[in-house]
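Open the structure in your viewer and keep the selection tool at hand. This tour goes stop by stop, with something to select at each one.

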Amino acid sequence: MKLKTLFAAACAVLAWTQTAAPAQAAYPDRPIRLLIGYAPGGPVDTSARIFAKYLSDKLGQSVVVENRSGASGMIALDATAKAAPDGYILGFVASPPLTMSPHVQHSNLFDPRKDFTPIGLIADYTNVLLVGPQAPVKSVGELINYAKEHPTAVTFGSAGNGASNHLSAELLKQQSGAPMMHIPYRGNAPAMVDVISGKITFMFDITSTAIPFVKSGKARALAVTSKTRNPELPDVPTMIESGLKDYEVVGWYSLMGPPKLPADVNARLVKALNDVEADPAFRKAMVDGGYTLNNGDAKTLQQRINREYELWGEVVKKANITVN
């Protein structure tokens, strides 16, 4: 074979290998890290681990949950925002670090409205307004009237200053004009103990943990914070039905990536997310945990971030909430 022919053949082989290589390294070709902003064992961590299992199945690649707690969930979000835009670091994000915590923390780590690639919504969760069995009120209206008639009597607990259930109660105060005193706790559990015993008047708690207390009779549910009633508590009205026409607080989980995520990677993740949401076993696991499935797309998610970021910014400003 002539030298010229051999050279041409070698060039052809080299060109083929160069063009074939990218196809062999289609995303994802190595494990994905899924960051969450809370410690192991809580509801966000538990949900993230369920989601990671199914996302791994749909992508055909390991998805490893990595806990980076701190700053009310914002440490993990900051790491997500600053990750390389290759799809190998993603965030399983609860709504408070995007819509509430930046205002409370007075943080400029990231801008929730523009420093991420929103991939899609995963699930919604609502709160329940709970009082102890001995509380002298049986409805939200009665609670508001009692607070107005007894200006120093009504107290509410939360998981801490600036926590989502703290802001939920501040929104109730602002919309009702009723005086209520905040008592911060180090977590929801000790606050619930004092609601049940009557040491404080009420608290908001996530549906998944509130329902057992209600069904056992240890606490009474006055209202849920979603637009519609919860199927597990069909006799409990919404806050809107209770007379607060603008009161709606629905938390959510979402899948977020760093900014400038490549279109092909983003499309692959969107498909995988939709496949997870359609999986009956995943749906059952989330519903059994007290969640409502939500397959809202990136546009819907971004609109929700923008709207709720503005809402909670106003609530925090009016209540003058800060965390040192």
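**Stop 1**

Select Glu66 and Arg33. Their side chains meet in a salt bridge, 3.1 Å from N to O. A salt bridge here is a side-chain nitrogen of Lys or Arg within 4 Å of a carboxyl oxygen of Asp or Glu. Glu66 belongs to strand β2 and Arg33 to strand β1, so the pair ties together parts that are 33 residues apart in sequence. Helices (H or I, at least four residues) and strands (E, at least two) are DSSP runs, numbered from the N terminus.

Before moving on, note what you are looking at. This is a predicted model, where local features need pLDDT of at least 70 and side-chain atom pairs count only at pLDDT 80 or more, while totals for chains, interfaces and linings use all residues. Residues are numbered from 1 along each chain as its sequence is written, and side-chain values use heavy atoms, leaving out hydrogens and water.

Buried means under 20% relative accessible area, exposed over 50%, and partly exposed in between (1.4 Å probe, protein chains only).

**Stop 2: salt bridges within helices**

The structure holds 18 salt bridges. Select Glu170 and Lys173 for another one, at 3.7 Å from N to O. The two residues sit three apart in helix α7 (residues 164-176), so about one helical turn separates them. Glu170 is buried, with a relative accessible area of 8%. Lys173 is partly exposed, at 23%.

Now go to helix α10 and pick Asp275 and Lys271. They form a salt bridge, with the closest N and O atoms 2.9 Å apart. Being four residues apart in α10, they are separated by about one helical turn. Asp275 is partly exposed, with a relative accessible area of 28%. Lys271 is partly exposed, at 47%.

**Stop 3: α10 against α11**

Stay with α10 and show α11 beside it. Their axes are 5 Å apart, and the helices pack at an angle of about 70°. Axes are lines fitted to C-alpha atoms, for helices over the stretch in contact, and angles run from 0 to 180 degrees between N-to-C directions. α10 and α11 are therefore roughly perpendicular to each other. Angles under 35 degrees count as roughly parallel, over 145 as roughly antiparallel, 65 to 115 as roughly perpendicular and the rest as oblique.

Which residues make the contact? Val276, Glu277 and Ala278 come from α10, and Pro280, Phe282 and Arg283 from α11. Contact means heavy atoms within 4.5 Å.

**Stop 4: α2 against α11**

Keep α11 (residues 280-288) and bring in α2 (residues 43-59). Their axes come within 11 Å and cross at roughly 180°. That makes α2 roughly antiparallel to α11. Colour Ser47, Ile50, Phe51 and Tyr54 in α2; they meet Ala281, Phe282, Ala285 and Met286 in α11.

**Stop 5: the nonpolar cores**

A nonpolar core is a set of buried Ala, Val, Leu, Ile, Met, Phe, Trp, Tyr and Cys residues joined through side-chain atoms within 4.5 Å. Select Leu34, Phe51, Phe92, Ile122 and Tyr253. Of the 34 residues in the largest nonpolar core, these touch the most other members. Which element gives the most to this core? α2 does, with seven residues.

Zoom in on Ile122. Leaving aside neighbours within four places in sequence, its contacts include Phe51, Phe92, Tyr253, Leu273 and Phe282.

**Stop 6**

Select Ala94, in strand β3 (residues 89-94). Ala94 is buried, with a relative accessible area of 3%. Beyond its neighbours within four places in sequence, Ala94 is in contact with Tyr38, Val44, Tyr125, Trp252 and Tyr253.

Finish at Glu308, in helix α12 (residues 298-319). Is Glu308 buried or exposed? Glu308 is buried, with a relative accessible area of 11%. Not counting residues up to four places away in sequence, Glu308 touches Thr99, Val250 and Trp252.
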